[in-house]
2 protein chains.
Amino acid sequence: MQLDERKYIILQAIIRNYLETGEPVGSRTISKYTDLNLSSATIRNEMADLEELGYILQPHTSAGRIPSDKGYRLYVDKMMEEKEREVEERKELLLEKEDKVDHLLKQAAKLLANNTEYAAMVSAPQYHRNKLKFIQLSRVDAQHLLAVIVVEGNVIKNTMLTVEEELSDETLLKLNILLNTHLNGLSMEEINLGMIAALKQQAGIHSEIVAGVIDAVAEAIKADEDLEIYTSGAKNFFKYPELADHERASELITTFEEKQLLTELVQDNLSGDNNTGIQVYIGSETPVAGMKDCSIVTATYELDEGMKGTIGIIGPKRMDYEKVVSNLRLLKNQLDDLYKR
Amino acid sequence: MQLDERKYIILQAIIRNYLETGEPVGSRTISKYTDLNLSSATIRNEMADLEELGYILQPHTSAGRIPSDKGYRLYVDKMMEEKEREVEERKELLLEKEDKVDHLLKQAAKLLANNTEYAAMVSAPQYHRNKLKFIQLSRVDAQHLLAVIVVEGNVIKNTMLTVEEELSDETLLKLNILLNTHLNGLSMEEINLGMIAALKQQAGIHSEIVAGVIDAVAEAIKADEDLEIYTSGAKNFFKYPELADHERASELITTFEEKQLLTELVQDNLSGDNNTGIQVYIGSETPVAGMKDCSIVTATYELDEGMKGTIGIIGPKRMDYEKVVSNLRLLKNQLDDLYKR
DNA sequence: GTTAGCACTCTAACGAATCGAGTGCTAACA
DNA sequence: TGTTAGCACTCGATTCGTTAGAGTGCTAAC
């Protein structure tokens, strides 16, 4: 047996109906819902076939049918194909340009959650070009030095260093020159122990300042390892009864709060790059443990050259995929454009 | 009628029992629970009195009694008095010293939530001494200047400024001296428009750089207006049936996620300073709308001179106040000591 | 002042009956 | 050969009356 045109239309009708109501769909409903002009008996026969093919499920005898993960998958794939062909009209999301990236991204997450009525996440962009660009040591007061470290991509890191006795302007200048001439343009791998030792030796009695600066450099470069993730709309989980029972809700909220569990998602998304940049995980396909009853849709954005991050929506399997995809695409485009002018 | 010793013992027994079980407490239970050696009938009489006095409630006829807010209040006040007299043994919480304050505070929130099994919040300290301490302009590359601004309390703010044409070292030095000599030691109120105009004039063709720096200064000083709050343990709401129904849970989770609603708590806590630094809000006493069914316990910590923040626990009204208070006190002390060595 | 006893109240739990949506199958029809 | 009407059947959800039990308030006796 095979999936012909008519069977797919019926499957689609079942899914569309189920997305709206969340209730199993019966043959009579479909008989009226579609314009196939078929009786419920005929639909029943087709539904039996669809079930045998694995696209739909019966929660129990004498209930209607609900889509299986396989059914959703087919539906989503076909939808994505169609969307591909359509020219997306460029609506604007109300994303105000914020001066701070973290504010911007928090706002983006909130916007997604409010627009879709699902839970939303936004990961801060990861920087992959980690060459040292600039170091500046300045005296703040008698005991304190401020080290400012700028990494390629204009990521800035400050560290306050404490010194025993006040350094003269000349010493400070020397140290600055020493650090900048030797370290600038280097990546972390290139700053090896030998070089550090040589630097310390040249710094003489100020070797511990050099050590402090180098620690700070290491810190600045590895900073992108703990990935910042913003979330919004946790309460939306409660809107869908299939997610709202205590056990599930508790698990979801925890996963959502302990944001590092969502890191999987970002990794998965940034590595596997498909053409559209939109990735749909249905039910058990999701890489996040504890969200097996959900569907997750993600997209990759690129704020500036090489600064890629992930935005995503988490909701019930019966989510409005079209709406979610178009929302994500919209926001992705806007983020992409934001800093590229 | 008045609350005599025996009545209070019975009230205490009711509360203790209710804290454990969450079920209305009957006269028979109390008759056995206490060592007053009274029959259930006597207890019933006393309970009728306690109800008349407003310390306990009956959810419906033929159910046991539960404490009212007034009852809790009395219980907590007496407990706090006793605690006051006791010498607190100084246990250590496993708070590892983190190099970044935000990591430290996130960890603190998690620790509180895990130890108490309630939801926890930690606000980042607010800085109130906002005098400018130090400004440093540096050239990063041909088009970019980095402005580093240090405010008293060692809060650091960076801004990248874009310039049309490269500045000479000499110009840079002049600008640095200009800015530092005129602005250092001043608070925001003292930097008025006249001064800004004068500075710009002195900077000549580089007036827009001065403008950029001053904007950044303003930004750095007002930065503490949007208060950072860390939360943890949202899932713990689900552990207490009286908070876990959909409506309430949804509201709580939302309030907890939209952290700015918790700001009220921080404000309230930092302004009204009582002797112990521990503040207990029971039920409707809480300043946070949407948490009227909860009790909230907060404490103020002081990381460094003038850098005060708030830690707090949010749970059901029948929370284990003793445990919560001692946990908060412990953490408060540890935070207080952390940077004062 | 305390307590035993008793009638009374009210919720939670249980089970039987009923309802109704939906199915699968069969036989008739175009 | 595909479609449809008809029918018996299944099974979850709902309803409703019953029961069990926990707890009360009141009264009378100690």
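This is a predicted model: local features need pLDDT of at least 70, side-chain atom pairs count only at pLDDT 80 or more; totals for chains, interfaces and linings use all residues.
This is a short talk on a few features of the structure above.

Let's begin with chain A and its domains. Chain A is split into three pieces: domain 1 covers 5–67, domain 2 takes in 94–126 + 227–338, and domain 3 runs over 132–225. If you take the C-alpha centres of domain 2 and domain 3 of chain A, they sit 38 Å apart.

Now over to chain B, and a pair of helices. The crossing is right-handed. Who's touching whom? On the H5(B) side you've got Ala108(B), Leu112(B), Asn115(B) and Thr116(B), and H12(B) brings Lys323(B), Val324(B), Asn327(B) and Leu331(B). Sort the residues of that contact and you get 4 nonpolar, 3 polar and 1 charged.

Last stop, a sheet, still in chain B. Three strands make an open, antiparallel sheet, in the order E4-E5-E6. E4 (132–141) and E6 (155–162) of chain B are the edge strands, each with a single partner, so one side of each has no neighbour in the sheet. On average, neighbouring strands here are turned by 20 degrees against each other, ignoring direction. E5 of chain B, residues 144–151, pairs with E6(B) over 8 bridges. For example, Ile149(B) has Lys157(B) in E6(B) as its bridge partner.

That's it from me, thanks!

Notes: Residues are numbered from 1 along each chain as its sequence is written. Chains are lettered from A and ligands numbered from 1 in the order in which they are written. A crossing is left-handed if the near helix is turned anticlockwise from the far one by less than a right angle, and right-handed if clockwise. Helices (H or I, at least four residues) and strands (E, at least two) are DSSP runs, numbered from the N terminus. Two residues are in contact if their C-beta atoms, placed from the backbone, lie within 7 Å. Ala, Val, Leu, Ile, Met, Phe, Trp, Tyr, Cys and Pro count as nonpolar, Asp, Glu, Lys and Arg as charged, and the others, Gly among them, as polar. Domain bounds come from an automatic or database domain assignment. Two strands pair if DSSP finds at least two bridges between them. Axes are lines fitted to C-alpha atoms, for helices over the stretch in contact, and angles run from 0 to 180 degrees between N-to-C directions.
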